[in-house]
Amino acid sequence: MSQYDKILFAGDPHGNFNALISAVHKHKPEAVVMLGDYDLDKPLEEYLADIIGSTEIWWIAGNHDFETPNKYHNLFHSALAHKSLHLKVAEVAGIRIAGLGGIFLGRVWYPPQPPKWQNKQHYLDYQSAHIKNAEMSLKYRSAIWHDEFESLKNQKADILVTHEAPGSHRHGFPIIGELAAAMGVKHIFHGHLHENYTRTIKQQISVIGVANRAITNLRGHILSDL
């Protein structure tokens, strides 16, 4: 196994995990990190049964994973629920990887505009004043919240994985690059926009966009693209 293949990054599978499973069998990585949008009709572990036990499996959520209660439940209540990287840093195959799942949502926070709410509790308190037994909808759960984003800056990591893109992409957000710089990150891997590319942003941070169902290694080399 090449040292660059010890961690693989998987673009949005949208229900088809064949490329990831094949790549794990071929390259035998220590870990895989999935970048969101799974579109699960059954629990995540059932899709990945062929590779569970062969490699560590980590993930962040995308916007599709909040579209229906079933998609949400099959990810967040799966046997792999505890392997979420969202808003934390984990040591994966000896490398510190931070995760930021979800998307920027105009009704919550859409940079560079200021956030609409201070935090989730601020939003819920406002709702409860108007709606009895108000709770957070799946749409709002998919959002990136400003206070949580800012708290992530206090941690250090080598790699940041996100669903949204940084400013390297025409539909990306420069503030993600600012987060990476604050954390001391040198590489960002993201999904969501279904394009394979590699670019460099400020502070010499390399950004690797991973297309849907594509698999890349630590150098951003495409190992599979189905």
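The model is predicted, so local features need pLDDT of at least 70 and side-chain atom pairs count only at pLDDT 80 or more, while totals for chains, interfaces and linings use all residues. Residues are numbered from 1 along each chain as its sequence is written, and side-chain values use heavy atoms, with hydrogens and water left out.

Me: How many helices and strands does the protein chain have?
Reply: Helices (H or I, at least four residues) and strands (E, at least two) are taken as DSSP runs and numbered from the N terminus. Counted in that way, the secondary structure of the protein chain comes to 7 helices and 11 strands.

Me: What radius of gyration does the protein chain have, beside that of a compact globule?
Reply: The radius is taken over C-alpha atoms, and the globule rule is 2.2 Å times the number of residues to the power 0.38. The C-alpha trace spans about 55 × 40 × 30 Å along its principal axes. For 226 residues the rule gives a value near 17 Å, and the protein chain agrees with it, at 17 Å.

Me: What percentage of the residues in the protein chain is buried?
Reply: A residue is called buried under 20% relative accessible area, exposed over 50%, and partly exposed in between, with a 1.4 Å probe and protein chains only. In helix α1 (residues 18-27), for instance, the buried residues include Leu 20, Ile 21 and Val 24. Over the 226 residues of the protein chain, the buried share is 53%.

Me: What is the relative accessible area of Thr 162?
Reply: Thr 162 lies in strand β6 (residues 159-162). With contact meaning heavy atoms within 4.5 Å, and not counting residues up to four places away in sequence, Thr 162 touches Leu 35, Ile 60, Leu 100, Ile 176, Ile 188, Phe 189, His 190 and Gly 191. Thr 162 is buried, and its relative accessible area is 0%.

Me: Where is Gln 203, the residue with a positive phi of about 65°, found in the chain?
Reply: Most residues other than glycine have a negative phi. Gln 203 is not a glycine, yet its phi is positive, about 65°. Gln 203 is exposed, with a relative accessible area of 57%, and its place is the loop between β8 and β9.

Me: Is Ala 93 buried or exposed?
Reply: Ala 93 lies in the loop between β4 (89-92) and β5, and its phi is positive, near 50°, in a residue other than glycine. At 15% relative accessibility, Ala 93 counts as buried.

Me: What is omega for the peptide bond from Pro 111 to Pro 112?
Reply: Most peptide bonds are trans. Pro 112 has its place in the loop between β5 and α4 (120-128). The peptide bond from Pro 111 to Pro 112 is cis, with omega near 10°.
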